[in-house]
Amino acid sequence: MAPVTTTQRTVLAGARVVLPSGVVDGGRVTVEGTRIASVGPALGADTVSGNGSGPRPDDVVVDLGAGHLVVPGFVDIHNHGGGGASFTSGTAEDVLKGVQTHREHGTTTLVVSTVTESMDFLVRRAGMLSELVEQGDIAGIHYEGPFISPCRKGAHDESLLRDPDPADVRTLIDAARGTAKMVTLAAELPGGIDSVRLLAERGVIAAIGHTDATYEQTVEAIDAGATVATHLFNAMPPLAHRAPGPIPALLEDERVTIELVNDGTHLHPSVLELAFGSAGADRVAFITDAMDAAGFGDGMYELGPLRVEVREGVARLADTGTIAGSTLTLDTAFKRAVTVDRLSLPDAVRAISTTPARLIGLADRTGSLEPGKDADLVVLTPDLTVTAVMRQGTWILHP
Ligand SMILES: [Zn+2]
């Protein structure tokens, strides 16, 4: 019989810890291997009793210091690139470089988003990206386009847009070999409702976005199975009092989760407050919608086939000036949520980790600091700057 071996544990102590039950000052998170072994208010006072979860002599105790904060790793379900790398056109090595950049900013779970390209291109791309999902480097694929409205195309190449024919939707799902998590589409286009039904049947999120739908068309899409609003407010008709459009339909239905880009450019803080107040933290997912320049810098970039200029951190199409994704990282979104939007720490954590994790079916693995889940966590200074990141028990940034 093999001898029983125990893994040395890391105990993060002395910080404020944001748990599902609330914020604990002087709290503790004990990590064993890739998982969280226990969480608790102080050394020796475990929430999980027995089974050797109390302190051990060989525990490595990391005293983080009072005022520092430990929160669950961030979960980004809409992200096109970072660190100078594009998730739509870069090599596998480039994709991993972009993922690493976002990890260093606290994102431990990332769904890679593509932009509109030809069907052939996207099928090939899905083959490559699905390998990275299977290796555990990324959490899935989100196809943003090509099934979107030319009226609300944003930074997508109009010549490559197409109606959401369910056969094409099926082709993209199959190309991803079970790793497609979400498809953003304009459900008012021909084939849109059937495509939403197909996605729902296949367990892939149908997300309403880049849409010119009316209120009624949006309600029909939600009834058909759409469950996400892709960057609510951006790339859709604004709310008007006699022609409400998609925004109130998406906000008012409890089946729908709202993506918000909290970078101070995509949304005015008062609009974010309105949406958050309406949907609540359990129905909001903060996303970056980041492009290559995130965590990298100003300059000229490509977003799929289009040229983008990034100036002072704002990405715009070089030709038209249309906003072309963001240069946001989720640590900045988290800091804004707490300092500008005045969200409570538990609400900010829900919107940046718990809710998106649940949405993509990973609630049993990540999205909160609970025993048995992956040790995905972020340590922040009292002024909410990331100082350490752990992913599946391994330090990405050491404290
Ligand atoms: Zn996007």
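Author: Let us begin with a serine. Ser-195 is located in helix 4; helices (H or I, at least four residues) and strands (E, at least two) are DSSP runs, numbered from the N terminus. This is a predicted model, in which local features need pLDDT of at least 70 and side-chain atom pairs count only at pLDDT 80 or more, while totals for chains, interfaces and linings use all residues. Residues are numbered from 1 along each chain as its sequence is written, and side-chain values use heavy atoms, with hydrogens and water left out.

Reader: Is Ser-195 buried or exposed?

Author: Buried means under 20% relative accessible area, exposed over 50%, and partly exposed in between (1.4 Å probe, protein chains only). Ser-195 has 0% relative accessibility and therefore counts as buried.

Reader: Which residues does Ser-195 touch?

Author: Contact means heavy atoms within 4.5 Å. Not counting residues up to four places away in sequence, Ser-195 touches Pro-164, Asp-165, Pro-166, Val-169 and Leu-185. With Pro-164 there is also a polar approach: a polar side-chain atom of Ser-195 lies 2.5 Å from the backbone oxygen of Pro-164. A polar contact is a pair of N or O atoms within 3.5 Å; within protein, one must be able to donate a hydrogen and the other to accept it, and residues adjacent in sequence count only if both atoms are side-chain atoms.

Reader: Which residue caps the N-terminal end of helix 3?

Author: The cap is Asp-165, with a side-chain oxygen 2.8 Å from the backbone nitrogen of Ala-167. After helix 3 comes Arg-177, whose phi is positive, near 50°.

Reader: Which residues coordinate the zinc ion?

Author: Donors are N, O and S atoms within 2.8 Å of the metal (3.2 Å for Na, K and Ca); water is not among the atoms, so sites may look incomplete. Here the zinc ion is coordinated by His-78 (NE2), His-80 (NE2), Glu-144 (OE) and Asp-289 (OD), at 2.0 to 2.1 Å. Along the chain, these donors follow the spacing H-x1-H-x63-E-x144-D. His-78 lies in strand 6 (residues 74-79) and Asp-289 in the loop between strand 15 (284-287) and strand 16 (299-303), so this pair ties together parts that are 211 residues apart in sequence. Both are buried: His-78 has 0% relative accessibility, and Asp-289 has a relative accessible area of 6%. Asp-289 has a positive phi as well, near 50°.

Reader: What is the geometry of the site of the zinc ion?

Author: Four donors count as tetrahedral if all angles lie between 85 and 135 degrees; four count as square planar and six as octahedral if opposite donors are over 155 degrees apart and all others between 65 and 115; anything else is irregular. The zinc site is irregular, with angles of 84 to 169° among its four donor atoms.

Reader: Where is Thr-116 found, and what joins its side chain to that of His-156?

Author: Thr-116 belongs to the loop between strand 9 (107-114) and helix 2, and is buried, with a relative accessible area of 0%. A polar contact of 2.7 Å joins its side chain to that of His-156. Leaving aside neighbours within four places in sequence, Thr-116 is in contact with several residues, among them the zinc ligand Glu-144 and the cis-bonded pair Gly-145 and Pro-146.
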